[in-house]
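Me: I have a sequence and a model open side by side. Can we go through how to read the fold, feature by feature?

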Amino acid sequence: MQNNQLRKNNKGVTLVEVIAVIAVLGVVMAAVTGFMITSARMSVQVSNNATVSSREQTAVELINRLLWGAEYDSVIPVAGETVFVDGVGQTVRYYELKIGESILTSMIPANDTTSQVVLNGTPLCEGEIYFDPITDNTVTYYLNGTKHVVHLRTESPTEQALE
């Protein structure tokens, strides 16, 4: 008779137990989902930062190569302000560095839209570039706040070869 009573009480799980398990699983899944969403957002942000950093590094290398190949008197920094009319008049501050035949430009729109560093009309990277006056055959420029110093040649390659 005792065996029959044990069997009668062992019919499965109760509704309360099922609801408790579902509630615990819901809390665990909410935590896991929140972690996955946060991880995905961080991954996108890191990827975007890496892309921007890579473009800046490529721009710095290109600018430095142009400057290393240039002679002192062929590098001229220019700063100014102008108005571009592309359907809407817009005041833009600009900084240029003429390196021989190449023109490196940073255009900073007054309306705080994204500025770009441009070489001969081709965008290199987003951001701003400023140039200090050239002293002691040295060009100092700041790309997105990072200082870069490049020493210019004072002689042409032909003159160097003759020495």
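Me: What share of the contacts in the protein with a separation of 6 or more comes from residues 24 or more positions apart?
Reply: This is a predicted model. In it, residues 24 or more positions apart account for 32% of those contacts.

Me: How many helices and strands does the protein have?
Reply: There are 3 helices and 8 strands. Read from the N terminus, the order is α-α-β-β-β-β-β-β-β-β-α.

Me: What percentage of the residues count as buried?
Reply: The cut-off for buried is under 20% relative accessible area. Of the 163 residues, 22% count as buried. The accessible surface of the protein comes to about 11700 Å². Carbon and sulfur atoms hold 56% of that surface.

Me: Let us take the strands. Which sense of pairing do E3 and E4 show?
Reply: Look at the bridges. E3 and E4 pair in the antiparallel sense, over 4 bridges. One example is Leu104, whose bridge partner in E4 is Leu119.

Me: Which residues make up E5, and how does that strand run against E4?
Reply: E5 covers residues 122-126. E4 and E5 run antiparallel, joined by 4 bridges. Val117 stands opposite Cys125 in E5.

Me: How many residues lie between E4 and E5 in their hairpin?
Reply: The hairpin has 2 residues between the strands.

Me: What should I expect of side chains along a strand?
Reply: In a regular strand, side chains alternate between the two faces of the sheet.

Me: Now two neighbours in sequence. Is Ser115 buried or exposed?
Reply: Ser115 counts as buried because its relative accessibility is 7%, under the 20% cut-off. Ser115 is in the loop between E3 (102-109) and E4. Beyond four places in sequence, Ser115 touches Met107, Ile108, Pro109, Glu126, Gly127 and Glu128.

Me: And where does Gln116 sit?
Reply: Gln116 belongs to E4, residues 116-119. With a relative accessible area of 33%, Gln116 is partly exposed. Leaving out residues up to four places away, the contacts of Gln116 include Thr105, Ser106, Met107, Pro123 and Cys125.

Me: How many bridges join E6 and E7?
Reply: E6 and E7 (residues 138-143) pair over 3 bridges, in the antiparallel sense. Phe131 has Tyr141 in E7 as its bridge partner.

Me: Last, the surface. Which residues make the nonpolar patch of about 510 Å²?
Reply: The patch is made by Val13, Leu15, Val18, Ile19 and Ile22. Take Ile22, which is in helix H2. Its relative accessibility is 55%, so Ile22 counts as exposed; the cut-off there is over 50%.

How values were computed: Residues are numbered from 1 along each chain as its sequence is written. This is a predicted model: local features need pLDDT of at least 70, side-chain atom pairs count only at pLDDT 80 or more; totals for chains, interfaces and linings use all residues. Side-chain values use heavy atoms; hydrogens and water are left out. Buried means under 20% relative accessible area, exposed over 50%, partly exposed in between (1.4 Å probe, protein chains only). Contact means heavy atoms within 4.5 Å. Two strands pair if DSSP finds at least two bridges between them. Patches are made of residues with over 30% relative accessible area and no salt bridge: like charges are joined within 9 Å, nonpolar side chains (Val, Leu, Ile, Met, Phe, Trp, Tyr) within 5 Å. Accessible areas come from the Shrake-Rupley method with a 1.4 Å probe; for residues, only the protein chains shown count as cover. A salt bridge is a side-chain nitrogen of Lys or Arg within 4 Å of a carboxyl oxygen of Asp or Glu.
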